[in-house]
Amino acid sequence: MKLELAWHLEPHTPLRFARAAGDALVALSRAGALLCFALGEDAPRLRWRTVGGARAFALAGGHVVAAEGRRGRGWQLVGYGLLDGAPRWRRQLEAGRVARVFAAGERAHATLSREGRFVLESVRVEDGASLGVRPLDRRRAMVAADGARAWTRDADGVTEHALGGAVRRETALAANGPMSERGPLLVTSVGDAVVAVREGAPIWRTPLPARDLREVAERDGVLDEEDEEDVWEAEPGRAALGEALAWVPDMNGSLHALDLASGALRWTAHSAHYPSSDAVAVPCTLGAHVAWPASDEHLYLVDAGTGAVQARLDLEAPFEGAALALPDEVVALADGAGLRGVALRG
């Protein structure tokens, strides 16, 4: 079993991230252009692109719903046809800034700043009709994949907002951390610990082990003779969640598998080389495996159940985004190096 570079597209602009739906792969460039590629047996083929202005987007119901900010026009939500890129509708937003766009079913949701307040504005994907505005209490938010709730996070804790009713649950947590969700369960972190929250209460808290990197540093030739210690405390990144496990990447070159029900640490895998990234990349599940872009500039294929490393590929530079699983066991990586597809072979 091995990982191979299947294709590499260089759209002449650094990319921020990508999302996929069916046979379409949509990427957002750092200059604000949306690029839509058709997936096939060979390298993806460019279907359409916009001229710029987009800051965030989501895919839903055959549409690309993008938040666009243009000088003199303020902020708009625009619904593009996924197949042809034609604008289907535009909705003007009363917003000083739009942070993110989410989609679930027939609804799209934008988190935005309005007159000093952080709010969630919802629209119908089909035509952009407003479905209401909800105030949010913290400065960072995400909407659950099933559209049932929104989560907000800051250095004081987490709040769960039910989008179909008035239920609002606050959970006090120190520090801050990334968020991942699966139904009513939120997985976040506080310092070196991973914490799961359900119905307003932490149900488990698991400190992650530090990693002694002295042997790796010596092998890679990055340890000074005067260095006596090179131990990195855990810095958890955003987890990938499965039915029973959470796979949590770590800045120190570790991938931890935690039981979603109890928080028990099932296994830890380590990267082969010394970390060089400035941020923790997000893994994705690939069948019975986890595709893990580690902090040592390598992509690892890890057995999801045991933590055994099955294969690895040198990425030649740090990757600090989110890995995206595509059909036919391909992982897409979108960043400043363009758009790469890495295939599982054998």
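# Briefing: pockets, strands and selected residues

Glu 316 is exposed, with 69% relative accessible area. The model is a predicted one. Its largest pocket holds about 1600 Å³ of space.

- Most residues other than glycine have a negative phi.
- Glu 316 has a positive phi, near 70°, and is not a glycine.
- The loop between β31 (309-314) and β32 holds Glu 316.
- Glu 199 also carries a positive phi without being a glycine, at about 50°.
- Glu 199 sits in the loop between β20 (193-198) and β21 (201-207).
- Glu 199 counts as exposed because its relative accessibility is 54%, and the cut-off for exposed is over 50%.

**Largest pocket**

- The volume of the largest pocket is about 1600 Å³.
- Its lining has 46 residues.
- Nearest the centre of the largest pocket lie Arg 19, Arg 100, Met 142, Arg 238 and Ala 322.
- Eight strands are named as giving two or more residues to this lining: β2 (15-21), β6 (54-60), β10 (97-104), β14 (140-143), β18 (180-182), β24 (240-241), β28 (284-286) and β32 (324-326).
- By class, the lining of the largest pocket splits into 31 nonpolar, five polar and ten charged residues.

**Second largest pocket**

- The second largest pocket has about 270 Å³ of volume.
- It is lined by 14 residues.
- Trp 7, Gly 40, Glu 41, Asp 328 and Val 330 are the lining residues nearest the centre of this second pocket.
- Two or more lining residues come from each of β1 (2-9) and β34 (338-345).
- The lining of the second largest pocket counts nine nonpolar residues, one polar residue and four charged residues.

- Strand β3 (residues 24-29) runs antiparallel to β4, and five bridges join the two.
- Across that pairing, Leu 28 stands opposite Leu 34 of β4.
- The hairpin of β3 and β4 has four residues between the strands. Within this hairpin, Gly 32 takes a positive phi near 95°.
- Strand β5 (residues 45-49) also pairs with β4, antiparallel, over four bridges.
- Cys 36 has Trp 48 in β5 as its bridge partner.
- Six residues lie between β4 and β5 in the hairpin they form.

- Strands β12 (residues 117-124) and β13 (residues 130-136) pair antiparallel, with six bridges.
- Ser 122 faces Gly 132 of β13 across the pairing, standing opposite it.
- Five residues separate the strands in this hairpin.
- Gly 128 in the hairpin has a positive phi near 80°.

**Ser 254**

- Ser 254 belongs to strand β26 (residues 254-259).
- Its relative accessible area is 1%, so Ser 254 is buried.
- The Ser 254 side chain makes a polar contact with the side chain of His 270, at 3.1 Å.
- Not counting residues up to four places away in sequence, Ser 254 touches Arg 211, Val 248, Pro 249, Thr 268, Ala 269, His 270 and Trp 292.

**Asp 154**

- Asp 154 lies in strand β15 (residues 149-154).
- Asp 154 counts as buried because its relative accessibility is 17%, and buried means under 20%.
- The side chain of Asp 154 reaches the backbone nitrogen of Asp 156 at 2.8 Å.
- With residues up to four places away in sequence left out, Asp 154 touches Arg 138, Ala 175 and Asn 176.

Conventions
Residues numbered from 1 in each chain as written. Heavy atoms only, no water. Buried < 20%, exposed > 50% of the residue type's maximum accessible area, 1.4 Å probe, protein only. Polar contact = N/O pair within 3.5 Å; in protein donor to acceptor, adjacent residues only side chain to side chain. Contact = heavy atoms within 4.5 Å. Pairing = 2+ DSSP bridges. 1 Å grid on protein atoms, 1.4 Å probe; cavity = no way out; pocket = protein on both sides within 12 Å on 5 of 7 lines; lining within 4 Å. Points joined across faces, edges and corners; volume = space filled by probe spheres on them. Nonpolar A, V, L, I, M, F, W, Y, C, P; charged D, E, K, R; others polar.
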